Amino acid sequence: MNPPSIVNTISPERLPELLRAMPKAELHMHIEGSLEPELMFQLAQRNGLSLRYPSVEALRGAYVFDNLQSFLDIYHEGTLVLKTEQDFYDMTHAYLARAAADHVVHAEVFFDTQTHTGHGLPTEVVIQGLHRACVDAQAEFGISASLILCFLRHLSEQEAFECLEQALPWRDKIVGIGLASSEVGHPPEKFAKVFARCKELGFRLVAHAGEEGPPAYIWSALDVLKVERIDHGVQSLKDPALVARLVKDRIPLTVCPLSNLKLRVFPTLAEHNLGAMLDAGIVATVNSDDPAYFGGYINQNFTQTFTALGLNSQHAYTLARNSFEASFIDASEKRRHIERLDTVLAHFME
Ligand code: ADE
Ligand code: ZN
């Protein structure tokens, strides 16, 4: 594929259609953040619980956030309706159906068990429900999905070790380990030992860093935790030496523009630095983070950000291709997806 020919051949009017239709991977979404208010009410009713909000509309209306912590508080409350393996299955099945409709052909899904074990659920209930939905979605929607277990960084490293121990019986159902929750005040170094253990165990490693926290957290996620991808990483552009490192080592950033907008990391989408990242040569990808809370699934992240930043079909191709290259699927699968992407692009160039 000759990059300049893409921009010259696809008319800008067809860009939204291209963004929606192109096959893509989603590498940064928290499954609990895909729980739509409608399903939350259904699960609450099924489990004999009542919510603090009188209606779906009132609940959705409460999704106004000042920063990451104000979101995490309401997000945590939403997880209280999840009680059974079937609940985890239904939530994951709904997300994968929705993602497949956006032409996501592969998803790497974040989940955590500490939230749920903290409510008295066994780790097994969470992992079995998620895994069964991933298996069924392959047959039903043709989407592949794998699971990344995130430690909660506001809890201790000892608690992360306990979480890991409890998850190890289901090791074969987990591709990687991540680090999520309240960032500032909880630097990656806090989890150095447990990440070293996860690396020894052969897990792929990622971490949220530089969402609200400083570039120093991105450096330590790379150099102390030895992660392969950075989740968010939008603060990296404040540090030219860090940008040079990300470019040189082709470290992917899983960027979530609507999340950054809703959590006030950027005042407007027009001020988002996704375009600057691509111009700098960073391997950026576009993702939805917590789509039920942030007003959009992956295609809305693409279309709204492209409109706000004036990005073009070349950027679209780069981002979709990056999503496969940054994924944890094997090389032959990557090649297959990129060939399919090239075929879809070729149709738009006719
Ligand atoms: N957990 C769910 N969404 C998150 C985010 N955007 N940052 C950190 N932890 C999260
Ligand atoms: Zn996230």
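**Entry 1: ground rules**

I count a salt bridge when a side-chain nitrogen of Lys or Arg lies within 4 Å of a carboxyl oxygen of Asp or Glu. This is a predicted model, where local features need pLDDT of at least 70 and side-chain atom pairs count only at pLDDT 80 or more, while totals for chains, interfaces and linings use all residues. Residues are numbered from 1 along each chain as its sequence is written, and side-chain values use heavy atoms, with hydrogens and water left out.

**Entry 2: helix 3 and helix 6**

I looked up how helix 3 (residues 37-46) and helix 6 (residues 85-101) pack. Helices here are DSSP runs (H or I, at least four residues) and strands likewise (E, at least two), numbered from the N terminus. The two axes, lines fitted to C-alpha atoms over the stretch in contact, come within 11 Å and cross at roughly 165 degrees. Helix 3 is therefore roughly antiparallel to helix 6 (the word applies to angles over 145 degrees, on a scale from 0 to 180 between N-to-C directions).

Next I listed the contacts (heavy atoms within 4.5 Å). From helix 3, Leu 39, Leu 43 and Arg 46 meet Gln 86, Asp 87, Asp 90, Met 91 and Ala 94 of helix 6. By class, I find four nonpolar, one polar and three charged residues in this contact.

Which residue does Arg 46 meet in a salt bridge? I found Asp 87, with an N to O distance of 2.7 Å. Arg 46 belongs to helix 3 and Asp 87 to helix 6, so the pair ties together parts that are 41 residues apart in sequence. I then checked accessibility with a 1.4 Å probe on protein chains only (buried is under 20% relative accessible area, exposed over 50%, partly exposed in between). Asp 87 is buried at 0%, whereas Arg 46 is partly exposed at 46%.

**Entry 3: other salt bridges**

How many salt bridges does the structure hold? I noted 19. One of them joins Glu 325 and Arg 250 at 3.6 Å, N to O. Glu 325 sits in helix 17 and Arg 250 in the loop between helix 12 and strand 7, so this pair links parts 75 residues apart in sequence.

Glu 333 bridges to Arg 336, with the closest N and O atoms 3.0 Å apart. Both lie in helix 18, three residues apart, so about one helical turn separates them.

Finally, I noted a network of salt bridges linking Asp 223, Arg 245, Lys 248 and Asp 249.

Technical notes: Chains are lettered from A and ligands numbered from 1 in the order in which they are written. Angles under 35 degrees count as roughly parallel, over 145 as roughly antiparallel, 65 to 115 as roughly perpendicular and the rest as oblique. Ala, Val, Leu, Ile, Met, Phe, Trp, Tyr, Cys and Pro count as nonpolar, Asp, Glu, Lys and Arg as charged, and the others, Gly among them, as polar.
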